[in-house]
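Dear colleague,

Please find below the structure I promised to hand over, followed by my notes on what was found in it. I would be glad if you could read the notes with the model open beside them.

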Amino acid sequence: MSQTGEPELTVIMTVYNQEKYIARALDHLLAQSNRNFKLLIIDDGSTDQTVAIAQKYAARFCCFKLVVKENKGVAAARNLGLDLVDTPYFIFHDGDDWADPAYTDYFIKQFSEHPEWDYIACGYYLDSEKITAKPIAPKAAAGMLTKLQGLRKILGTITSSVRGYSWNKCYKTSLVRQYDIRFNEELDLMEDQVFNVDYLTKVRNFYFNTIPLYHYWQRPDSAVHTVSWSHSMSIVRANCLMLSIVVKNSWHNWRKSHEIRQIHPKREYSREFLSEGIKDDHQS
């Protein structure tokens, strides 16, 4: 919490035709142990009762804002959220998922105790009609990640405790604005993974803890589980974009360190951009 008592965290919830789920998501946010956060809901042109349901919760949150926009996809909705956020930190939340009571408190406390950190992740559960609260992490782990370790976890398999999702990570608003990090609105899938790879290349410190605090509801009708030519092309393009981001930033950092060596030849510098950070090894 800031010295003025103003919330320092914003929960950005993007929704589209989620009348079946949004009440569950909002009820769990009301049950947070730390409710000193702002809730920003971006409705991406819903045609059902999503907006009407959300409006009923307005008076129950200390800071509530609902924005209804034309349907342009989740990436555009998240980008609008990035434009409107006015707190130092923010997290994303999907309207069909829900969070455990310690979810917001975890991020608020971590950034309060470690303001030098730039990137914080928590673990999560898988939930569906057939699965109930299955923790994704194979075992408990926590610590700082190097860029290479972070990339491995963001790009990792289903057993990775980090992955490329945006709802189990907390970001600094200042860094997103400074480097103009955005979601690619031309991607149908993996736009969040590209965003996280881009953000990772800009940060100094990445902390993660496998403690599961978020419930990822797996719907059979979601975009992730729908096969199409557009989705296939989006996956190919997203992977090309992530490779381009990593190569570009690796080259930029190598050039920067090389220029410094010319000025201070006796000083030792890291030769590997991806090895930046505290070098604790963790399992994916």
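**Packing and cores**

Once its neighbours within four places in sequence are set aside, Leu26 is in contact (heavy atoms within 4.5 Å) with Met13, Leu39, Ile41, Ala54, Tyr57 and Phe61. This is a predicted model, in which local features need pLDDT of at least 70 and side-chain atom pairs count only at pLDDT 80 or more, while totals for chains, interfaces and linings use all residues. Residues are numbered from 1 along each chain as its sequence is written, and side-chain values use heavy atoms, with hydrogens and water left out.

Leu26 also belongs to the largest nonpolar core, where, of 38 residues, Met13, Leu26 and Leu39 touch the most other members. A nonpolar core here is a set of buried Ala, Val, Leu, Ile, Met, Phe, Trp, Tyr and Cys residues joined through side-chain atoms within 4.5 Å, and buried means under 20% relative accessible area (1.4 Å probe, protein chains only). A second, separate core of 36 residues includes Ala75, Ala121, Leu145 and Val197.

Helix 4 (residues 103-113) is one of them, because eight of its 11 residues are buried; its buried residues, including Tyr106, Phe107 and Phe111, pack against strand 1 (9-15), strand 4 (89-94), strand 5 (98-99), strand 6 (119-127), strand 9 (169-172) and strand 10 (206-217). Helix 5 (residues 147-154) is likewise largely enclosed, since six of its eight residues are buried, among them Leu151 and Ile154.

Helix 3 (residues 74-84) and helix 7 (residues 191-200) pack at an angle of about 40°, with their axes 10 Å apart, the axes being lines fitted to C-alpha atoms over the stretch in contact and the angles running from 0 to 180 degrees between N-to-C directions. That makes helix 3 oblique to helix 7, as angles under 35 degrees count as roughly parallel, over 145 as roughly antiparallel, 65 to 115 as roughly perpendicular and the rest as oblique. Val74, Ala75, Arg78 and Leu82 of helix 3 meet Glu191, Asp192 and Phe195 of helix 7 in this contact.

Lastly, Arg163, which is not a glycine, has a positive phi of about 55°; this residue is placed in the loop between helix 5 and strand 9 and is buried, with a relative accessible area of 16%.

With best regards

Methods:
Buried means under 20% relative accessible area, exposed over 50%, partly exposed in between (1.4 Å probe, protein chains only). Helices (H or I, at least four residues) and strands (E, at least two) are DSSP runs, numbered from the N terminus.
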